[in-house]
Amino acid sequence: MPLLAFRRHAACLFVAGALCLAAWPSAAQPTADDAARLIQGVSQKVIDLVKSKTGADRQAGIRQVLESEFDLAYMGRSALGTHWERTPEDLRERFLKAAAGAEARAYSERFGQYGGQTLALGRVASRPNGVFMVDSRLNQTSGEPIKIEWEVRDRGQGLRISDVKIEGVSMVMTRRSDFNSYIQQHGGKVDALVQELEARGARQ
């Protein structure tokens, strides 16, 4: 190959390689700042919903936040505990949808009217397993601040919230206790729990 043609060929390969590298998606690992931004964004979304929406609209908004910002599959599996493995796939899917609907309904009612609460973020701790723990305080217009810890992880779908601890009490562990108790009271049947959660989510 003549020298000039060789140099052009080499330049084309270099440019093509550079373009490929530029187009390749970044595999950057999430950081503590990313975890803090997630919590700040979620808290602002919820406050905006409580300020502007009521009834079914608020419930739908809360559900959207749960489905987009929380790792519901991980939380649901953890909450169902030992019952998860022996539950058929179709019933697992019903359970996850029913649990999201019931949580959206419950939190839509509990938030009530916005009372001027603000969330102040604190330290973000990074664990060796890739989990971030975001410390925060919910400041109220009356009463003591409430300590809230957010567990955040990335299981391949971006950072999601995988547990919330209010004054040290885990939401996932509380649900596991509640769900296991309900299943035991209903002959060990997971479908009874699913029906109950579906009813709670649809309750007017």
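This is a predicted model: local features need pLDDT of at least 70, side-chain atom pairs count only at pLDDT 80 or more; totals for chains, interfaces and linings use all residues.
Not counting residues up to four places away in sequence, Val-42 touches Val-65, Glu-69, Phe-70 and Ile-161.

**Overall make-up**

The protein chain contains 7 helices and 5 strands. Read from the N terminus, the order of elements is α-α-α-α-α-β-β-β-β-β-α-α. Of the 204 residues in the protein chain, 35% are buried. Among contacts in the protein chain with a separation of 6 or more, 52% join residues 24 or more positions apart.

**Two helix pairs**

Two packed helices are described by the angle between their axes and the distance between the axes. The table gives these values for two pairs.

| Pair | Angle | Axis distance |
|---|---|---|
| Helix 2 (residues 32–52) and helix 3 (residues 55–69) | about 170 degrees | 9 Å |
| Helix 4 and helix 5 | roughly 100 degrees | within 10 Å |

For helix 2 and helix 3, the angle of about 170 degrees makes the two roughly antiparallel, because angles over 145 degrees count as such. On the helix 2 side, the contact is made by Leu-38, Val-42, Lys-45, Val-46, Leu-49 and Val-50; on the helix 3 side, by Arg-58, Gly-61, Ile-62, Val-65 and Glu-69. By class, this contact has 7 nonpolar, 1 polar and 3 charged residues. Val-42 and Val-65 both belong to this contact, and the two residues touch each other.

The axes of helix 4 and helix 5 cross at roughly 100 degrees. The two helices are therefore roughly perpendicular to each other, since that class runs from 65 to 115 degrees. Helix 4 contributes Leu-72, Ala-73, Gly-76 and Leu-80 to the contact, and helix 5 contributes Phe-95, Leu-96 and Ala-100. By class, the contact of helix 4 with helix 5 has 6 nonpolar, 1 polar and no charged residues.

**Helix 4 and helix 5 individually**

Helix 4 spans residues 72–80, and its buried residues are Met-75, Gly-76, Ser-78, Ala-79 and Leu-80. Gly-76 and Leu-80 also take part in the contact with helix 5. The cover over the buried residues of helix 4 includes helix 5, strand 4, helix 6 and helix 7. Helix 4 is followed by Gly-81, which has a positive phi near 60 degrees.

Helix 5 covers residues 89–110, which is 22 residues. At 1.5 Å a residue, helix 5 should span 32 Å, and its end C-alpha atoms are 32 Å apart, so the two values agree. Just after helix 5, Gly-112 takes a positive phi of about 55 degrees.

**Selected residues**

Ala-192 is part of helix 7 (residues 190–202). The relative accessibility of Ala-192 is 17%, so it counts as buried, the limit being under 20%. Its contacts, leaving aside neighbours within four places in sequence, are with Tyr-182 and His-186. Ala-192 and Tyr-182 are 10 residues apart along the chain, and their C-alpha atoms are separated by 8.3 Å.

Gly-130 sits in the loop between strand 1 (118–126) and strand 2. With a relative accessible area of 37%, Gly-130 is partly exposed. From Gly-130 to Arg-155 the C-alpha distance is 9.4 Å, and the two are 25 residues apart in sequence.

Glu-167 lies in the loop between strand 4 and strand 5 (169–170). Glu-167 is not a glycine, yet it has a positive phi of about 50 degrees. At 48% relative accessibility, Glu-167 counts as partly exposed.

Notes: Residues are numbered from 1 along each chain as its sequence is written. Side-chain values use heavy atoms; hydrogens and water are left out. Helices (H or I, at least four residues) and strands (E, at least two) are DSSP runs, numbered from the N terminus. The expected span of a helix is 1.5 Å times one less than its number of residues. Axes are lines fitted to C-alpha atoms, for helices over the stretch in contact, and angles run from 0 to 180 degrees between N-to-C directions. Angles under 35 degrees count as roughly parallel, over 145 as roughly antiparallel, 65 to 115 as roughly perpendicular and the rest as oblique. Contact means heavy atoms within 4.5 Å. Ala, Val, Leu, Ile, Met, Phe, Trp, Tyr, Cys and Pro count as nonpolar, Asp, Glu, Lys and Arg as charged, and the others, Gly among them, as polar. Buried means under 20% relative accessible area, exposed over 50%, partly exposed in between (1.4 Å probe, protein chains only).
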